[in-house]
Structure formats: structure tokens, C-alpha cells
Amino acid sequence: AIERTLSIIKPDAVAKNVIGKIVSRFEAAGLKMVAGKLVHLSRSEAEQFYAVHSARPFFKDLVEFMISGPVFVQVLEGEDAIVKNRDLMGATDPKKAAAGTIRADFADSIDANAVHGSDAPETAKGEIAFFFAGLNVYQR
Ligand code: CMP
């Protein structure tokens, strides 16, 4: 089915100036950007976005990292967009990410892991609404 998913190009990849290279991978896989923007998250915004991880030992480092610089947030649309995006990203830990995936090619560590992607339809809906008002998501 045609789905939408939220993708974040994290501060490490933005700092490396590889936004375009990463977007190209989504385009080559048939995913369309239907909303997109650069955002520098505040601490409370990052804490809210990652609230599901608030009890995890890595939460504080995750929030610190995500507010260390601007991120590029986009909504990707396409056939099976959620799984397709996760396949393109590779494993969360770049050391475990398959060759040719975004994290294998651009990520440095499990925190500085270049990209985030929604993990399921319900989370995609919530994550998209967190960043984009409906009128900023476009038909293409
Ligand atoms: P992301 O998909 O953005 O969702 C939560 C983030 O927490 C994850 O990517 C990683 O960058 C970070 N993280 C750090 N340590 C861990 C861990 N042990 N397990 C899962 N995620 C982790």
C-alpha cells in the first residue's frame, strides 16, 4: 500500500553536508518527499519526540545529540514507505548495518547514526503530525 513515513537526517549527516546524497537514495528507491524542512530542535521538543525512550539509559545522550545542530525532517511517500525506508537506513548500530545502507555509508556510532525513520504506521502518523501541519504536506 502507499504509505507515508517520517525521516530525519540527523545533526551528524547535516554537518557532513550529505543531505542531498541521502535524499537521492530515497528518490532512487521511488520514495517522494511530500514535506520537508531544516529544524533546530529545542531540548523539550527532542524530549517530546523521543518520549517513548525516556526510561532508556541512552535517552540523555540521544537528546543532547539531537539538539547539537539542525536536522532535516521530511515526509516520504511511496509503496511500503515505512519498511522501504528502514531497509534503506540499515541497522540502528552502523557497525551492524548491511553494506550499501545509509547508516553503513554515513553513520559513525549508534547515537550519530545519520537518520531516523518511523517504525510502524501508527508511529509514522504521530511523528508526521509532530513536525508538519496537514497543509504543509503536499500531493505530488
Ligand atoms: P532512532 O531511530 O533515532 O531512535 C532512537 C535512537 O536512540 C536510535 O535511533 C539511536 O540513534 C539511539 N540509541 C542509542 N543507543 C541505543 C540503543 N542501545 N538502542 C537503540 N537506540 C539507541
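UniProt positions are given in the numbering used here, and annotations may be inferred rather than shown by experiment. The model itself is predicted.

**Domain**

UniProt, in an unreviewed entry, places the feature "domain: Nucleoside diphosphate kinase-like" at residues 2–139. This span is 40% helix and 20% strand. Its end C-alpha atoms lie 13 Å apart.

**Annotated binding site**

The unreviewed UniProt entry also places a "binding site" feature at Lys10, Phe58, Arg86, Thr92, Arg103 and Asn113. The lining of the largest pocket includes Lys10, Phe58, Arg86, Thr92, Arg103 and Asn113.

Two of these residues can be described further. Lysine 10 lies in the loop between strand S1 (2–9) and helix H1 (11–15). With a relative accessibility of 5%, lysine 10 is buried, because the cut-off for that class is under 20%. Leaving out residues up to four places away in sequence, lysine 10 touches Tyr50, Phe65, Met66, Val71, Asp111, Asn113, Ala114, Val115 and His116.

Threonine 92 sits in the loop between helix H5 (81–89) and helix H6 (102–106). Is threonine 92 buried or partly exposed? It counts as partly exposed, at 44% relative accessibility. Beyond residues up to four places away in sequence, threonine 92 touches Arg103, Ile110 and Asn113.

**Aromatic pairs**

The structure holds 4 aromatic pairs. Two of them are tabulated here.

| Pair | Geometry | Centre to centre | Angle between planes |
|---|---|---|---|
| Phenylalanine 49 and tyrosine 50 | edge-to-face | 5.0 Å | 80° |
| Phenylalanine 130 and phenylalanine 131 | edge-to-face | 4.9 Å | 75° |

Ring pairs link Phe49, Tyr50, Phe130 and Phe131 into a cluster. Phenylalanine 131 is buried at 7%. Phenylalanine 130, at 29%, is partly exposed.

The charged end of lysine 37 sits over the ring of phenylalanine 132, 4.7 Å from the ring centre.

**Leucine 62**

Leucine 62 is found in helix H4 (residues 59–66). Its relative accessibility is 7%, so leucine 62 counts as buried. Setting aside neighbours within four places in sequence, leucine 62 is in contact with Tyr50, His53 and Asp111. Two of those, Tyr50 and Asp111, are also touched by lysine 10. Leucine 62 and tyrosine 138 are 76 residues apart in sequence. Their C-alpha atoms are 30 Å apart in space.

**Helix H7**

In helix H7 (residues 121–131), Ala124, Glu127, Ile128 and Phe131 are buried. They lie on the same side of H7, because they cover an arc of only 100° around the axis. What does the buried side pack against? The buried residues of H7 pack against S1, strand S2 (32–39), helix H3 (43–49), strand S3 (71–79), H5 and strand S4 (115–117). The face of H7 turned away from the buried side carries the exposed residues Glu122, Lys125 and Ala129.

Terms used: Residues are numbered from 1 along each chain as its sequence is written. This is a predicted model: local features need pLDDT of at least 70, side-chain atom pairs count only at pLDDT 80 or more; totals for chains, interfaces and linings use all residues. Side-chain values use heavy atoms; hydrogens and water are left out. Helices (H or I, at least four residues) and strands (E, at least two) are DSSP runs, numbered from the N terminus. Rings of Phe, Tyr and Trp (its six-membered ring) pair if their centres lie within 6.5 Å; planes under 30 degrees apart count as stacked, over 60 as edge-to-face and the rest as tilted. Buried means under 20% relative accessible area, exposed over 50%, partly exposed in between (1.4 Å probe, protein chains only). A charge sits over a ring if NZ of Lys or CZ of Arg is within 6 Å of the ring centre and within 35 degrees of the ring normal. Contact means heavy atoms within 4.5 Å. On a 1 Å grid over the protein atoms alone, a cavity is a set of points where a 1.4 Å probe fits but cannot get out, and a pocket is an open set with protein on both sides within 12 Å along at least five of seven lines; lining residues have an atom within 4 Å of a point. The arc is that of the directions from the helix axis to the C-beta atoms.
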